[in-house]
Amino acid sequence: MLRSLLFAPGDSDKKMTKASGIGADCVILDLEDSVAATRKPTARGMVADFLRGERAAGVRFYVRVNPLDSGLTLHDIAAVVPAAPDGIVVPKANGPEDLRTVSHYIDVLEAEHALPAGAIALLPVATETAAAVFTLGDYRFDTPRLAGMTWGAEDLGAAVGASTNLRPDKEWTSPYQLVRSLCLFGAHAAGVQAIDTVMADFRDTDRLKVVCDEARRDGFTGKIAIHPAQVEVINAAFSPSAEELAHARAVIEAFASNPDAGTLQLDGKMIDRPHLVQAERIVALAAQLDKLGAAR
Ligand code: COA
Ligand code: MG
């Protein structure tokens with residue numbers, strides 16, 4: 001489970017190096033929107049070299065390639081896959097069909113470079129075109145390498161000519177609330193983690209905390225970051241608190257001691273199967289984070 005995924009522009013060695021030591025669970029080395037067209041060939045080589053260097057322990061390294069309709073994707077993939085990134089982020093994906101295409105590209109390079117078949121994950125930014133919105137429930141069918149789903153509001157807004165995607169109170173306008181929810185349910189339907197989109201206003205960490213808490217409440221398990229200052233807030237928000245963990249253990253213990261009970265009471269509140277499922281989720285996440293902490 002990736003709580004924080006921090007973007008670093010692929011043409012900045014300084015930022016790629018810095019991003020690796022911030023505590024983000026994943027660093028996304030970007031070849032797309034944060035790299036100017038003239039810099040893309042340079043950035044490809046820089047990202048591949050960076051991946052071949054010594055990688056920070058306990059951090060996953062993904063690369064965001066350019067979208068399929070740019071004509072650049074194959075060049076990006078050919079440059080970076082031989083350096084064995086942990087995953088590829090596919091922006092402006094029009095649906096799972098685009099991921100199948102990218103997966104086939106990777107298949108060939110994995111074979112050619114004797115990399116473990118199928119090990120490189122795919123993460124689509126699944127809501128950046130109007131057509132994509134109608135496919136969000138389809139990632140559950142035959143989408144190889146799918147590791148999670150995330151959504152984006154900026155490119156979708158540009159695609160439909162929206163003048164803004166935020167209301168005056170900074171909440172998403174309704175079209176973006178809709179795609180946020182569809183991404184959440186699409187990811188869970190596919191059995192992968194739902195990852196919340198970036199908050200561009202990176203200085204406002206108070207607001208970031210509120211947004212992270214809302215995302216976690218709704219079932220997102222991670223969030224994209226664009227600035228180092230966002231990582232700690234995101235990690236904290238998507239980690240179980242000590243109280244949550246204690247409560248989850250108590251729920252599991254209550255059912256374990258009453259194996260024939262479908263429903264029980266704990267501290268004066270009814271608990272049944274959904275509470276047990278949620279408690280098991282929290283304990284599993286805590287165990288995974290302990291392992292990650294030990295690896296770092
Ligand atoms: N990764 C690594 N380091 C970063 C970083 C990032 N995403 N964003 C900022 N930093 C570094 C800066 O280089 C600076 O380092 P220094 O103190 O050693 O000089 C420090 O953090 C403070 O940065 P700050 O001055 O607050 O911001 P900035 O003006 O340098 O950068 C952005 C602002 C938005 C340009 C920068 O955060 C960025 O490049 N973000 C990622 C953009 C991206 O990849 N977008 C694509 C996805 S939407
Ligand atoms: Mg974009």
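A residue counts as buried when its relative accessible area is under 20%. The exercises below apply this cut-off and others to a predicted model.

**Exercise 1.** Determine how many residues of strand 1 (residues 4-9) are buried, and state what follows for the strand.

Solution. 
Step 1. Apply the cut-off of under 20% relative accessible area to each residue.
Step 2. The count is 6 of the 6 residues, so strand 1 is largely enclosed by the rest of the structure.
Step 3. Sort the residues by face. One side of strand 1 carries Ser4, Leu6 and Ala8, and the other carries Leu5, Phe7 and Pro9. These residues are all buried, which leaves both faces covered.

**Exercise 2.** Identify which strands pair with strand 1, and in what sense they run.

Solution. 
Step 1. Look for strands joined to strand 1 by at least two bridges.
Step 2. Strand 8 (residues 222-225) is joined to strand 1 by 3 bridges, and the two run parallel. Within this pairing, Ser4 has Lys223 as its bridge partner.
Step 3. Strand 2 (residues 26-30) also pairs with strand 1 in the parallel sense, here over 5 bridges. In strand 2, the residue opposite Pro9 is Asp30.
Step 4. From strand 1 the chain passes through helix 1 (residues 13-20) to strand 2, a β-α-β crossover that is right-handed.

**Exercise 3.** Describe the largest pocket: what is its volume, and which residues and elements line it?

Solution. 
Step 1. The volume of the largest pocket is about 650 Å³.
Step 2. Its lining has 31 residues; those nearest the centre are Phe7, Arg64, Val198, Ile224 and Ile226.
Step 3. Phe7 belongs to the buried residues of strand 1. Strand 1, helix 1 and helix 5 (154-160) each contribute at least two lining residues.
Step 4. By class, the lining holds 16 nonpolar, 5 polar and 10 charged residues.

**Exercise 4.** Describe the second largest pocket in the same terms, and find which helix gives the most to its lining.

Solution. 
Step 1. The second largest pocket holds about 440 Å³ of space.
Step 2. It is lined by 23 residues, with Leu166, Lys170, Trp172, Arg207 and Val211 closest to its centre.
Step 3. Helix 6 (174-190) and helix 7 (205-218) each supply at least two of the lining residues. Helix 7 gives the most, with 6 residues.
Step 4. The lining of the second largest pocket divides into 8 nonpolar, 4 polar and 11 charged residues.

Definitions and conventions. Residues are numbered from 1 along each chain as its sequence is written. Chains are lettered from A and ligands numbered from 1 in the order in which they are written. This is a predicted model: local features need pLDDT of at least 70, side-chain atom pairs count only at pLDDT 80 or more; totals for chains, interfaces and linings use all residues. Side-chain values use heavy atoms; hydrogens and water are left out. Buried means under 20% relative accessible area, exposed over 50%, partly exposed in between (1.4 Å probe, protein chains only). Helices (H or I, at least four residues) and strands (E, at least two) are DSSP runs, numbered from the N terminus. A crossover is right-handed if, with the strands pointing away from the viewer, the path from the first strand over the helix to the second runs clockwise. On a 1 Å grid over the protein atoms alone, a cavity is a set of points where a 1.4 Å probe fits but cannot get out, and a pocket is an open set with protein on both sides within 12 Å along at least five of seven lines; lining residues have an atom within 4 Å of a point. Grid points are joined across faces, edges and corners, and a volume is the space filled by probe spheres set on the points. Ala, Val, Leu, Ile, Met, Phe, Trp, Tyr, Cys and Pro count as nonpolar, Asp, Glu, Lys and Arg as charged, and the others, Gly among them, as polar.
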